[in-house]
Structure formats: C-alpha cells, structure tokens
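My notes follow in the order in which I looked.

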Amino acid sequence: PPTQAAAVRDAFLSFFRDRHGHRLVPSASVRPRGDPSLLFVNAGMNQFKPIFLGTVDPRSEMAGFRRVANSQKCVRAGGRHSDLEDVGRDLSHHTFFEMLGNWAFRGVYFKEEACSMAWELLTQVYGIPEDRLWVSYFGGDPKAGLGPDLESRDIWLKLGVPASRMLSFGPQENFWEMGDTGPCGPCTEIHYDLAGGVGAPQLVELWNLVFMQHNSPPGPSPIPLCHLSVCLIPVILWGASPCIPFLAREKDGSLQPLPQRHVDTGMGLERLLAVLQGRRSTYDTDLFSPLLNAIHQGCGAPPYSGRVGAADEGHTDTAYRVVADHIRTLSICIADGVSPGMSGAPLVLRRLLRRAVRFSTELLRAPPGFLGSLVPVVVETLGGAYPELQRNSAQIASLVSEDEAAFLASLQQGRRIIERTVRRLGPSDVFPAEVAWSLSLSGNLGLPLDLVKLMLEEKGVQLDSAGLERLAQEEAQHRAQQAEPVQEQGLRLDVHALGALQRQGVPPTDDSPKYNYSL
Ligand code: ATP
Ligand code: MG
Ligand code: MG
Ligand code: MG
C-alpha cells in the first residue's frame, strides 16, 4: 500500500477514476468565488454548491458532472468553521488541510455504493486493518421527528462492520446541513482507532460521507462543524424508528423530502497519512517533517518531540506545530491571491502570520526573516500537487518576509515606547492604561493587547487594569453596533478596539487583543 503523501493522494484519485469511473477535477482556489458566506473554501463540496442548489448554468461543464473526485485545498481559519484555536494544541487539526473527496450527483449512486467504495479503498487499497475502523451513523433527532439512519447501519453491517464498532450520534455529529435552510441529510463517518483494541478506543475522524440532495431556499453558510477530533466516544444507544427520507430544511425550519439526491464525501489527507504511516499525529508525516526539520535547523530550539498539553513545557512543540501549520496556510492562500491585509480573509491571514512570528521568535528563538525561509519547504512538499505554489514561490516568500518585518518593527517600536514610559514611572506607579491602549490601537502598531500585557509583565510593571477595562467599556458602548458585521464573519476582532479605531478613522491593523498566544 502507498504511504508517502504524493502516492496516497494519487491512490485516492486513481481509485475513483480507474476503478469507479469518476472524473477528476482540480482543487478550486481557496478564495471562494461569488460566495460571500465564506471566508475561505473549507470543504471539497464548496465548488459544487451550484449543483446542490440547482443554480448551475446548464451550459457549464459542471452541469454535466455525475461522478467526480478531487483533492481540495481547504482553510478553516476564520468564520464559523474555524479550527484555529485547536491548531498547535492537538495532533489532528490544521488551518490548511487537503480534503480528498468523491461525489455522486443526482443519484448516480448512493449510500450503498458510497460506503462500499470507501470501505474497499481503506481496507484493500490502503490496507488498513478492518478492526481498527469504526463507523458512526445518524441516530435520529426526536425533536425534528427523525428516526435513525438504519439504512447506513445495515450497509455497514453487510460490509462486515460489527455493531460493536458502530456508534450513532444525533444531528450535531451526524446530520449535515448546508446552512439554516437548504440541502441536508444524514452523514456517516469512518473513524480510526489509535488505541488498536487496547483499552478504550481512541477515535480520530477520517472520512465523512454525506447523503443529501439539493434544494434552493437561501442558506446563509456552508457546513456546520462537528467536533469529535481525537477523543473517546461513548456508545449512544438509539431507539428504532422509521428511516428518514432525504431532506431540505425550509425557512420555517421544517424538513421536506427532495426529488434528487447526492453523495458528498471528504477525508483529510493528513489524517489518512498519519494512519498509513503508523503515527498518532499528522505532524509526524512526510507532509510536515521537512518543515519541522527546517524549523529546527533555522532556530536555536531543541528538535521537535511531539509533546502536547502539560507535557509540552515551554510550549516548544506547540510552537513548532503552529509555525509549520501557519506557513502552509499562508503559502497556499497567497498562491491563490489572498494576502495578509486589513479585513476579511486577508485579516485572518495577517493574524496567522503574526501568530507564527510570535511563536517562532519568542518560543523557538527564530532569527528575523525566518518565516519567509520556510516558504521553499512548503513549495517542495506541496508544489507537486498544487503547481500554483511553484509558480508564485518567490512572491509568496517576499510577501511573508515583508509582513514579518513590518510586524517585528511594530514590536520594536512598542518596546521602545514601553521603556520610555516605564522610565518616567515612580516606584509605586502603574503603567497608564492610555499608553497600553494606544500601543494596541495606533494605526502603526496595532499590537495585540495581550502581547502588550506580556511585554509589561516581562518588565515587571503593573498595568492599570481597571483603567484599561474602563476604556474598553467606553469603546464597547460607543461602537458595539459597527462591530457587528465583523463579528458575524467570525474574525474575533475585539469590539472595543474596533470601535476606537473607527472613531479615530484608523483602519484595524491587527487581530484581536484576545488573541490566543499562550494557549
Ligand atoms: P473534526 O470533528 O475532527 O473537527 P469535522 O467533522 O469538522 O472534523 P468534516 O467537516 O466532516 O470534519 O470534514 C471531513 C474530513 O476532513 C474530516 O473527517 C477530517 O478527516 C478532515 N478534517 C476536518 N477538519 C480538519 C482540520 N482542521 N485539519 C485536518 N483535517 C480536517
Ligand atoms: Mg465530520
Ligand atoms: Mg467531526
Ligand atoms: Mg471540525
């Protein structure tokens, strides 16, 4: 069986093309086209949304799509589906990942074929032992009057999955909805047991198979995120009730059966690779180890050793993961024309870049300009699959370096201002809230407030927290309304900071003061 990233990706695509007659389509750009509900493309199905919604131009190539497979570049770093807060802390979530997917549009095949193809690929082509695989299926939703998806359960039983390795979950995990309205249906997921039969299962989600069909009422946003990650899953008992039809949720919240049905699946390449390479972590695969090595070579830090949580003293391994993750996302996005900037997706990227700079300089002792030097490593590992990286590699590196330099300059200037202010303080004085506030808000600096606090801590100076709180409250009252649209985008911009910026006519230059640095 294939084990290296390129071979595993290719095996997926050729399995669906050669054995099952799928047409291969390239990954869409990570910049969503004509879809304001999305900051970034976050699932393989995004580019096929017009098919699901029934809005596809009949003259377009897509109108003829029936069986399709691809490897989609996905970013989950902002908006409703952001995994940013988990990245670095766990061993299975990335802000950029590749989603391998297959689709059957307009019912050319359905549950039975979808499940059996997935099972065939995982167990025969990739050679994953059957007894390490668990499946979950929709266990029903009494509130919505829906029974369990017994059809999927029976298909898995027929394929040889024993009931003891099946789980059923409610709508949160196993019912897929495009938004509040629109196409939806039950999904069934395949999980891998890292514990390997020893003790309680430790399941990591590998592949999601969604069974749905299109409908056209407007739905505000794409995919709800389930949150299973690496965890222990209790078996939930379900009660028998009639099988559910394929559905769309109408504006009044009701579910209507639909005439056409589609299969939409997605499997994370990084997680699959980890399984095939016998690792517990996506970072221990050939997609990440060249980056982790390059970070080790370029910084003064001890080598990456895969520790998580409390075991990761000094957050060194967390920093390795954050930096490796973020530079991949930055490279992929810049190659697709989304660069760090002031609002929306560009602001998310600026936030990623600054996070990466802080983690690398402060925790890994990276020299200035280090981040840009990782771009060629990303191009080396991903450029074969996504040639736009190769085409734009010089531009990506220089953009990253420029933004890094600008941020480092702001940091330096911030330190100078702090030092100057501290020199003037009397022995029992606290650091003035106005100065702290201006460091975080001034158009040139825009430093995250928690960083300002850290810098003060380093100096052993006490901040006028009450004063700062007062300023924050004033601003919140003043600008809460204007901040609303930004919050909707899920950028976690600080409403107080934003209000003050707007009042001063200064555009925001950085992410939230609530910015999660210390994890
Ligand atoms: P999880 O529960 O682990 O957060 P999910 O249910 O949000 O995953 P789906 O939306 O079902 O994920 O996406 C399909 C597949 O994409 C998942 O089964 C997983 O293999 C992969 N995947 C999802 N999110 C990430 C991520 N942040 N990093 C890497 N792979 C991911
Ligand atoms: Mg899922
Ligand atoms: Mg999930
Ligand atoms: Mg998730």
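I began with strand β2 (residues 67-75), which pairs with β3 in the antiparallel sense over 9 bridges; strands here are DSSP runs of E of at least two residues, helices runs of H or I of at least four, both numbered from the N terminus, and two strands pair if DSSP finds at least two bridges between them. The model is predicted, so I note that local features need pLDDT of at least 70 and side-chain atom pairs pLDDT 80 or more, while totals for chains, interfaces and linings use all residues. Residues are numbered from 1 along each chain as its sequence is written, with chains lettered from A and ligands numbered from 1 in the order written.

Within this pairing, I found Asn-70 bridged to Gly-101 of β3. β3 also pairs with strand β11 (residues 262-268), again antiparallel, over 4 bridges, and there Met-99 stands opposite Gly-268.

Is β3 enclosed or open? I counted 9 of the 9 residues of β3 (residues 96-104) as buried, so the strand is largely enclosed by the rest of the structure; buried means 20 or more other C-beta atoms within 10 Å of the residue's own, placed from the backbone.

Conventions: A residue is buried if 20 or more other C-beta atoms lie within 10 Å of its own, exposed if 12 or fewer, and partly exposed in between; C-beta atoms are placed from the backbone.
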